[in-house]
Amino acid sequence: MATPRTTRPRLRPARLGVVAVLVVALLSPVRPVARVAPVGAVSAAPDRLADPPPGSPAERVNGRQVLAVSLDGFNVQALARLGRARTPVLHRLLRQGAATRNARTQVELTVTLPNHTSMVTGRRIDADAGGHGVDWNGHRPDATVQRAAGRPTASVFSVVHDATGRTALFATEEKLTLLERSWTHDIDRVVVRQDDDRAVVRAARRDLLRRDRSFTFVHLGLLDETGHEHGWLSRPYLRAVTRMDRLLGSLLRGAGSDRRLADLVVVLTADHGGAAGEHHHDDPLRRANHRVPFVLWGRGVRRGDLYRMNPAYADPGRGRPGFGGTQPVRNGDLANVATDLLGLGPVPGSRWNKHQRLRWR
Ligand SMILES: [Zn+2]
């Protein structure tokens, strides 16, 4: 389970800087040279979304670096309990960014894999309603999103990669290799370290400094793990939030000042929360499970409340909106916030924020 899984940047004939990338990669002492091919990786290829039809304008990413961070099982109430002194980084992101503590998960399920698949595809879950169909939450080594959906399914990875951007995925859960298998050719680097948030943060940090990624997705599982073991908002959980805050601090050190990170924009959310004292988070009807934060932070992002900036969205208050009516900000908005930040059109087939209306300036 703990086997490191690493891919190096793949080479595309048309890409500039290929030689430099190759040399750096080969010289790097920290990166295994051999790529471990995931089970089922090859079978995902035929399911990929076809290239755009001839004649459609070729899109190119702008110079931004989008860093998406998902804090698995993050109940934002922990921040009020801990205060600014013990969670300075998360407080800073919320204070300086375009942010809300009252976004929502997916409607159907409040578990990890379905919600992460929504974050990267911008789709709802139910495949019969145009969703991605990933309605399970375990590690299925042969599964792909395309097979679950029963149709070609694009993601932020495929849109960015088709627009000549480089992408990476860092995660602390083996089951998230589902994304790697589903977009084999679109994710240039994958690092999975089971339950090792520190190693994942370190790897992501190094990668952010050394590569000019357009889109990086970082999944950190410590809070979920601690919640399952000790209960959400328990003392160990709150300690874990403090630890997570420090990890985020090391991940983001120099953002905005270091010239290598000058164009970094962070998009932070969660797949689900968890109710105080509970050891599970499966009930989508419970607010503690379906309430998550959604934060944009970085150059070009205005400070303020996301709902105040976005009359097209509605703060759900204590409610749990369904699919009809004005929507709350959702974790599934992430995909098209990222494409928008990078100057690209929406992910084909997406539902959340498909008109890229969510504003942050
Ligand atoms: Zn969990």
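Close-up 1. Leu 220 is found in strand 6, where strands (E, at least two residues) and helices (H or I, at least four residues) are DSSP runs numbered from the N terminus. The model shown is predicted, and for this reason local features need pLDDT of at least 70 and side-chain atom pairs count only at pLDDT 80 or more, while totals for chains, interfaces and linings use all residues. Residues are numbered from 1 along each chain as its sequence is written. Is Leu 220 buried or exposed? Leu 220 is buried, because 27 other C-beta atoms lie within 10 Å; a residue counts as buried if 20 or more other C-beta atoms lie within 10 Å of its own, as exposed if 12 or fewer do, and as partly exposed in between, with C-beta atoms placed from the backbone. Leaving aside neighbours within four places in sequence, Leu 220 is in contact with Leu 71, Asp 72, Thr 172, Asp 197, Val 200, Met 244 and Leu 247, a contact being two residues whose C-beta atoms, placed from the backbone, lie within 7 Å. Leu 220 and Asp 195 are 25 residues apart in sequence, and their C-alpha atoms are 8.3 Å apart in space.

Close-up 2. Strand 4 (residues 167–171) is largely enclosed by the rest of the structure, because five of its five residues are buried. In a regular strand the side chains alternate between the two faces of the sheet. On one side of strand 4 are Thr 167, Leu 169 and Ala 171, on the other are Ala 168 and Phe 170, and all of these are buried, so that both faces are covered. Strand 4 pairs in the parallel sense with strand 6 (residues 215–220) over four bridges, where pairing requires that DSSP finds at least two bridges between two strands. The bridge partner of Ala 168 in strand 6 is Thr 216. Strand 4 also pairs in the parallel sense with strand 5 (residues 189–192), over four bridges, and here Ala 171 stands opposite Val 192. Strand 4, helix 7 (residues 177–182) and strand 5 make a right-handed β-α-β unit; right-handed is said of a crossover if, with the strands pointing away from the viewer, the path from the first strand over the helix to the second runs clockwise.

**Close-up 3. Strand 8 between partners in the sheet.** Strand 8 (residues 291–298) is mostly covered, with eight of its eight residues buried. Arg 291, Pro 293, Val 295 and Trp 297 point one way from strand 8, whereas Val 292, Phe 294, Leu 296 and Gly 298 point the other way. Strand 8 pairs in the antiparallel sense with strand 3 (residues 98–104) over five bridges, and the bridge partner of Ala 98 in strand 8 is Leu 296. Strand 7 (residues 264–269) likewise pairs with strand 8 in the antiparallel sense over five bridges, with Trp 297 as the bridge partner of Val 266.

**Close-up 4. Two pairs of packed helices.** Two packed helices are described by the angle between their axes and the distance between the axes. The axes of helix 2 (residues 77–86) and helix 3 (residues 88–96) come within 7 Å and cross at roughly 100°, where axes are lines fitted to C-alpha atoms, for helices over the stretch in contact, and angles run from 0 to 180 degrees between N-to-C directions. That makes helix 2 roughly perpendicular to helix 3, since angles of 65 to 115 degrees count as roughly perpendicular, those under 35 as roughly parallel, those over 145 as roughly antiparallel and the rest as oblique. Leu 79, Arg 84 and Ala 85 in helix 2 meet Pro 88, Leu 90 and His 91 in helix 3. Helix 9 (residues 222–230) and helix 10 pack at an angle of about 170°, with their axes 9 Å apart, which means that helix 9 is roughly antiparallel to helix 10. Among the residues making this contact are Leu 222 and His 230 of helix 9 and Pro 236 and Met 244 of helix 10.

**Close-up 5. An exposed residue, Arg 308.** Arg 308 has its place in helix 12 (residues 306–309). Arg 308 is exposed, because 10 other C-beta atoms lie within 10 Å. Although Arg 308 and Ala 99 are 209 residues apart along the chain, their C-alpha atoms are separated by 9.8 Å.
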